[in-house]
Amino acid sequence: MQPKQKSLEVMPNQACTAGKNQQTVELDQKLERLSRVAYISMLALDVWEDKDAAIAWLARPNQALNGQIPIVLCEAESGSKQVQRVLLALEWGSPA
């Protein structure tokens, strides 16, 4: 009687499965970041009402954000919330 080698061939390779899971996680993280950047960009456009002004604001260090660049802060959810807070304060005319 020969060993059942076919059963090993049918079983998914755990390394491949783990790789797909890691790829899915990385893709999800990239999509979340893209979503944050898109939302903040649209909010900046609403506040500044001018594409070039919104882009300039997002790309320059900001005192209300401790000298950090707003678009860079969008890498993380917490940074995105800080940028959102400043933009909403600007929109409503209150100090950030």
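This is a dialogue on how to read several features of a predicted model.

Student: Where do I begin, and how many helices and strands does the protein chain have?

Tutor: Begin with the secondary structure. This model is predicted, and its protein chain has five helices and zero strands. Along the sequence the pattern reads α-α-α-α-α.

Student: What share of the 96 residues in the protein chain is buried?

Tutor: Buried residues make up 22% of the 96. As for surface, the protein chain exposes about 7400 Å², and carbon and sulfur atoms supply 57% of that area.

Student: How do I read the contacts along the chain? What percentage of those with a separation of 6 or more is made by residues 24 or more positions apart?

Tutor: Look at how far apart in sequence the two partners are. In the protein chain, 46% of the contacts with a separation of 6 or more are between residues 24 or more positions apart.

Student: Take I40 as an example. Which residues is I40 in contact with, leaving aside its neighbours within four places in sequence?

Tutor: I40 is in contact with L58, C74, S80, V83, Q84 and L87.

Student: What about aromatic rings? How many aromatic pairs does a search of the whole structure find?

Tutor: The search finds one aromatic pair. To read such a pair, check the distance between ring centres and the angle between planes. The rings of W48 and W57 have centres 6.5 Å apart and planes at 45 degrees, so the pair is tilted.

Student: Why is 45 degrees called tilted?

Tutor: Planes under 30 degrees apart count as stacked and those over 60 as edge-to-face, with the rest called tilted. The angle of 45 degrees for W48 and W57 therefore gives a tilted pair.

Student: Next, charges. How many salt bridges does a search of the whole structure find?

Tutor: The search finds three salt bridges. In one of them R33 pairs with E75, with the closest N and O atoms 2.7 Å apart. That pair links distant parts of the chain, 42 residues apart: R33 is in helix α2, and E75 is in the loop between α4 (70–73) and α5. R33, at 30% relative accessibility, counts as partly exposed, and so does E75 at 47%.

Student: Which residues are linked in a network of salt bridges?

Tutor: R36, E77 and K81 form the network. E77 pairs with R36, the closest N and O atoms being 3.8 Å apart. This bridge joins E77 in helix α5 to R36 in helix α2, 41 residues apart. R36 is buried at 12% relative accessible area, whereas E77 counts as partly exposed at 41%.

Student: And how does K81 come in?

Tutor: K81 forms a salt bridge with E77, the closest N and O atoms being 3.6 Å apart. K81 and E77 are four residues apart in helix α5, so about one helical turn separates them. K81 is partly exposed, with a relative accessible area of 47%.

Student: Last, the surface. Which residues form a nonpolar patch there?

Tutor: The patch consists of L27, L31 and L34, with about 300 Å² of accessible area together. L27 lies in helix α2 (residues 14–48) and is partly exposed, with a relative accessible area of 47%.

Technical notes:
Residues numbered from 1 in each chain as written. Predicted model: local features only at pLDDT ≥ 70, side-chain atom pairs only at ≥ 80, totals over all residues. Heavy atoms only, no water. Phe/Tyr/Trp six-rings, centres within 6.5 Å; stacked < 30°, edge-to-face > 60°. Patch = residues over 30% accessible without salt bridge, like charges linked within 9 Å, V, L, I, M, F, W, Y side chains within 5 Å. Areas by Shrake-Rupley, 256 points an atom, 1.4 Å probe, with all protein chains shown as cover. Salt bridge = Lys/Arg side-chain N within 4 Å of Asp/Glu carboxyl O. Helix = DSSP H or I, 4+ residues; strand = E, 2+ residues; numbered from the N terminus. Buried < 20%, exposed > 50% of the residue type's maximum accessible area, 1.4 Å probe, protein only. Contact = heavy atoms within 4.5 Å.
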